[in-house]
Amino acid sequence: MNIAVDRVFENNEIITWMFGLLFFLLTCVQLLFPVRLKSLLTSFFSKYYFLDFQTALQDTFSLFNVLLFLIQNLILSIFLFKVCVFLDVAFQNELLFFSTLFTALSLYFLFQYITGKIFSYLFDYEDKFNSIHVLKFSYMKVVSVGVLPFLLLAHYSPYFHSKIMSYVILLVFCILLMIRVVFIFSSNNKWILQSLFYFILYICSLEIAPLLIINKLTMVN
């Protein structure tokens, strides 16, 4: 006697392809810039990265920075995708939804950089902006790579409860972001205190407002 049983498949193909692309890009960076990549990933514990590559850090659109920018946004997009799945956000096309997350993140960071560059020119603090920009985006890459092992565990390991891992990943991400903020503030505390009005304006216009716009765009479904 045949009994009909409903079978539910979890489609992991999109995320698997994204992990494949991610590790391909990481391999390219490792082959092309092994010393610089290692130095960057240890920048939470050492300042040698900002000293040894001081000249190269000024080239925002170098091959190293572009590749790491793509890697960072892929990791953060996977993270946001997992968050949306955990929160039962409804979407029909996984590839389209993931592409929306990736595009929104990329536009967010580009918007931050371009608008910040314009403000720094208008208010005559270009050197300080460049310094903060280097710290922000370097540490953000470290944060994203730091979350990557936990995303892999959550996605592939059968020994970790998905709900527990979701909270662990969120906790790790928040801790790393807090460390990033502390490092940026400690490196620029004098300038921040002297230019508190402009700093608050920067936070509101370049950090909070774009996040609200991205939230609106990604949650429209």
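Two residues are taken to be in contact when heavy atoms lie within 4.5 Å of each other. The structure described here is a predicted model, in which local features need pLDDT of at least 70 and side-chain atom pairs count only at pLDDT 80 or more, whereas totals for chains, interfaces and linings use all residues. Residues are numbered from 1 along each chain as its sequence is written, and side-chain values use heavy atoms, with hydrogens and water left out.

The chain contains 9 helices and 0 strands, where helices (H or I, at least four residues) and strands (E, at least two) are DSSP runs numbered from the N terminus. Read along the sequence, the pattern is accordingly α-α-α-α-α-α-α-α-α. Of the 221 residues, 40% count as buried; buried denotes under 20% relative accessible area, exposed over 50%, and partly exposed the range in between, computed with a 1.4 Å probe and protein chains only. Among contacts between residues at least 6 apart in sequence, 77% join residues at least 24 apart.

Helix α1 spans residues 13-32, and its 20 residues reach 29 Å from the first C-alpha to the last, close to the 28 Å expected at 1.5 Å a residue, the expected span being 1.5 Å times one less than the number of residues. The buried residues of α1 are Ile14, Ile15, Met18, Phe19, Leu22, Leu25, Leu26 and Val29. Seen down the axis of α1, these buried residues fall within an arc of 130 degrees, so they line one face of the helix; the arc is that of the directions from the helix axis to the C-beta atoms. They pack against α2 (34-41), α4, α5 and α6 (126-156), while the face of α1 turned away from the buried side carries the exposed residues Trp17, Phe24 and Leu31. Ile14 is also 7.0 Å from Glu94, C-alpha to C-alpha, although the two are 80 residues apart in sequence. Glu94 belongs to helix α5 and is partly exposed, with a relative accessible area of 22%.

Not counting residues up to four places away in sequence, Asn65 touches Arg36, Asp59, Thr60 and Lys141.

The accessible surface of the chain comes to about 13,700 Å², of which 69% belongs to carbon and sulfur atoms; accessible areas come from the Shrake-Rupley method with a 1.4 Å probe, and for residues only the protein chains shown count as cover. On this surface, Phe61, Val66, Leu70, Leu107, Leu110, Ile114, Ile118, Tyr121, Leu122 and Phe123 form a nonpolar patch with about 980 Å² of accessible area together. Patches are made of residues with over 30% relative accessible area and no salt bridge, like charges being joined within 9 Å and nonpolar side chains (Val, Leu, Ile, Met, Phe, Trp, Tyr) within 5 Å; a salt bridge is a side-chain nitrogen of Lys or Arg within 4 Å of a carboxyl oxygen of Asp or Glu. Helices α4 (63-86) and α5 (94-122) each supply at least two residues of the nonpolar patch, and α5 gives the most, with 6 residues. One of the patch residues, Ile114, lies in α5 and counts as partly exposed at 48% relative accessibility.
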